[in-house]
Amino acid sequence: MTRGFSFSLPVMVVVSAIAFVYFCTVFVFTDRWFGLMTSPGIMNAVAYTAVAVMCVLNYVFAIFMDPGRVPSTFLPDIEDSKVPIHEIKRKGGDLRYCQKCSHFKPPRAHHCRVCKICVLRMDHHCTWINNCVGHANYKVLLVGSLTNDSQNDKQQSADSFRILYVISGLLLVPLSMALSGLLGWHIYLILQNKTTIEYHEGVRATWLEERAGNAYKHPYDLGAYDNLTTVLGSNIICWICPTSKHIGNGLRFRTAYDGLPVTSTSK
């Protein structure tokens, strides 16, 4: 399912940065280092273009793919033995209900104030894609490429191309650091089968359980491998592909308590 697109300055900044880095890498740096019409130059240009196309496609998918909406007809069935966990409000103990959308919230769903919808398995709202990261579009990988000029180019220190090196470095270094940190953070979340929201909720839940003398366990933590396959799919080859046929409808999720008596967790 796709969504409409509205103008977003952060998205335009990202698109401009991608276009600038691609142009400089292929038509300036590759041409100067190897010669764009030579065999090494063509091989490098083709390889970099393939990576760039993958980046752009994944970025487009992240922008236009609907993050997963809660069906207006959804009703929680507290008597269903196949659903061992029901999330309830901290105050009152009632099942979670969204007053803005006028429907109940499935487990792991949250209302986004920016998108103005309830998002299934919501992770966060991302300004850089002008969209929520949720159940349907979480499996989108941004693959980056970082090239370094290790040659001592003293004789061309005054060359007009030098400014392109500086600008590209100013873009690539912080971007690579930010994406590496973000990638590491989400690898950790995937291994724990948590969203960003659930991580912060878990910090408070752990503190409350420790005060009560109990040990907190995230209910959706199935073990590292099962957590990976839950998010990325059982086919390892398809882990790097932005496919989502394996994710289900987003209304029910496997838990560590499947097969046990029904329990409730507060939100």
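User: What makes Y48 count as buried or exposed in this structure?

Analyst: This is a predicted model, so everything here is computed from it. Buried means under 20% relative accessible area. Y48 has a relative accessible area of 15%, so Y48 is buried.

User: And how do you know which class Y22 belongs to?

Analyst: Partly exposed is the class between the buried cut-off of under 20% and the exposed cut-off of over 50%. Y22 comes out at 24% relative accessibility, so Y22 counts as partly exposed.

User: Why is the pair of Y22 and Y48 called stacked?

Analyst: Start with the total: the structure holds nine aromatic pairs. In the pair of Y22 and Y48, the ring centres are 6.0 Å apart and the planes sit at 25 degrees. Rings pair if their centres lie within 6.5 Å, and planes under 30 degrees apart count as stacked.

User: Why is α1 described as roughly antiparallel to α2?

Analyst: Helix α1 covers residues 9-33 and helix α2 covers residues 39-64, and their axes cross at roughly 175 degrees. Angles over 145 degrees count as roughly antiparallel, so α1 gets that label relative to α2. Their axes also come within 10 Å.

User: Which residues of α1 and α2 meet?

Analyst: On the α1 side, they include V11, V14, I18, Y22 and V26. On the α2 side, they include A45, Y48, A52, V56 and I63. By class, this contact has 13 nonpolar, five polar and no charged residues.

User: What angle do α3 and α5 make, and what is that arrangement called?

Analyst: Helix α3 (residues 162-192) and α5 pack at an angle of about 110 degrees, with their axes 7 Å apart. The range for roughly perpendicular is 65 to 115 degrees, so α3 is roughly perpendicular to α5. I190, L191 and Q192 of α3 make the contact with A224, N227, L228 and V231 of α5. Five nonpolar, two polar and no charged residues take part.

User: What makes the pair of Y220 and F253 edge-to-face?

Analyst: Their ring centres are 6.3 Å apart and their planes are at 80 degrees. Since planes over 60 degrees apart count as edge-to-face, the pair gets that name. Y220 lies in the loop between α4 (196-211) and α5 (224-232), while F253 lies in the loop between α5 and β8 (263-266), so parts 33 residues apart in sequence are tied together. Y220 is buried, and so is F253.

User: How do you know that the charged end of R108 sits over the ring of Y220?

Analyst: The charged end of R108 is 4.2 Å from the centre of that ring, and the distance cut-off is within 6 Å. R121 lies over the face of Y138 too, at 5.2 Å from the ring centre.

User: What stands out about phi in R108 and K116?

Analyst: Most residues other than glycine have a negative phi. R108 isn't a glycine, yet it has a positive phi of about 75 degrees. K116 isn't a glycine either, and its phi is positive, near 60 degrees. R108 lies in the loop between β3 (103-104) and β4 (110-112), and K116 is in the loop between β4 and β5 (117-119).

User: Are R108 and K116 buried or exposed, and what makes them so?

Analyst: R108 has a relative accessible area of 1%, so R108 is buried. K116 has 64%, and exposed means over 50%, so K116 is exposed.

Terms used. Residues are numbered from 1 along each chain as its sequence is written. This is a predicted model: local features need pLDDT of at least 70, side-chain atom pairs count only at pLDDT 80 or more; totals for chains, interfaces and linings use all residues. Side-chain values use heavy atoms; hydrogens and water are left out. Axes are lines fitted to C-alpha atoms, for helices over the stretch in contact, and angles run from 0 to 180 degrees between N-to-C directions. Helices (H or I, at least four residues) and strands (E, at least two) are DSSP runs, numbered from the N terminus. Angles under 35 degrees count as roughly parallel, over 145 as roughly antiparallel, 65 to 115 as roughly perpendicular and the rest as oblique. Contact means heavy atoms within 4.5 Å. Ala, Val, Leu, Ile, Met, Phe, Trp, Tyr, Cys and Pro count as nonpolar, Asp, Glu, Lys and Arg as charged, and the others, Gly among them, as polar. Buried means under 20% relative accessible area, exposed over 50%, partly exposed in between (1.4 Å probe, protein chains only). A charge sits over a ring if NZ of Lys or CZ of Arg is within 6 Å of the ring centre and within 35 degrees of the ring normal.
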